[in-house]
Amino acid sequence: MSTGATVVSEVWGEFKKLHPIVKGIIVLGTLAGVGFLGYKGYKMIIKNIDKADENDVLNDVKREQQQLINKGMRLTYPPSVYESSAGFIFNKLDGCETPMSEADVYVEVLRVVKNQLDWTELVKAFGVRTVDDCGLGTGETEYSLATLIKEQLDTRKPSTTSTFSALLISALKQRGVNI
């Protein structure tokens, strides 16, 4: 029966007998594997931090929604409308958005959100979703609706005031809605 030290000694002896190019390939492969695992671990930690932050935003919105209901505010539409809109928005902004998909989101949010309570219901219906970041190897990001709108409605860039994000925030403010 071999002990761990004996096994390592035997493997090391066999490794030393290998051709230098093969040794190099083994070392590079090992380093690449360690690097990849380190990168994946880092991404997982960052993803969990982002998700916790987004969940905090969602919890704040739920508290705000309850306060608005307690003040007598009512939803403009049944909850199913907000759920449907949340799915529509997600589908339009998941992956590589275009100016047309961003315009569709802009119109959809303005169609559904008539007051602050409508906004909180839409945010609650959206929840926290994993959105594919556009680009090879860019990964995925956890977003609440407010963060997604602020960060993703931005393909129009002649100036910062002409982004769909800025236009949507401005139009919602005119309705008394703060995101």
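Aspartate 60 and arginine 63 join their side chains in a salt bridge, at 2.3 Å from N to O. A salt bridge here is a side-chain nitrogen of Lys or Arg within 4 Å of a carboxyl oxygen of Asp or Glu. The model is predicted: local features need pLDDT of at least 70, side-chain atom pairs count only at pLDDT 80 or more, and totals for chains, interfaces and linings use all residues. Residues are numbered from 1 along each chain as its sequence is written, and side-chain values use heavy atoms, with hydrogens and water left out.

Both partners sit in helix α2 (residues 20-70). They are three residues apart, so about one helical turn separates them. Helices are DSSP runs of H or I, at least four residues long, numbered from the N terminus. Aspartate 60 is partly exposed, at 43% relative accessibility. The classes are buried (under 20% relative accessible area), exposed (over 50%) and partly exposed (in between), with a 1.4 Å probe and protein chains only.

Glutamate 14 pairs with lysine 17 in a salt bridge, with closest N and O atoms 3.3 Å apart. Helix α1 (residues 4-17) holds both, three residues apart, about one helical turn. Lysine 17 is exposed at 65%. Glutamate 14 is partly exposed at 48%.

Glutamate 108 and arginine 111 form a salt bridge, their closest N and O atoms 2.8 Å apart. Both lie in helix α4 (residues 99-112), with a spacing of three residues, about one turn. Glutamate 108 is buried, at 12% relative accessible area. Arginine 111 is partly exposed, at 39%.

## Whole structure

A search of the whole structure gives five salt bridges.

Methods
Helix = DSSP H or I, 4+ residues; strand = E, 2+ residues; numbered from the N terminus.
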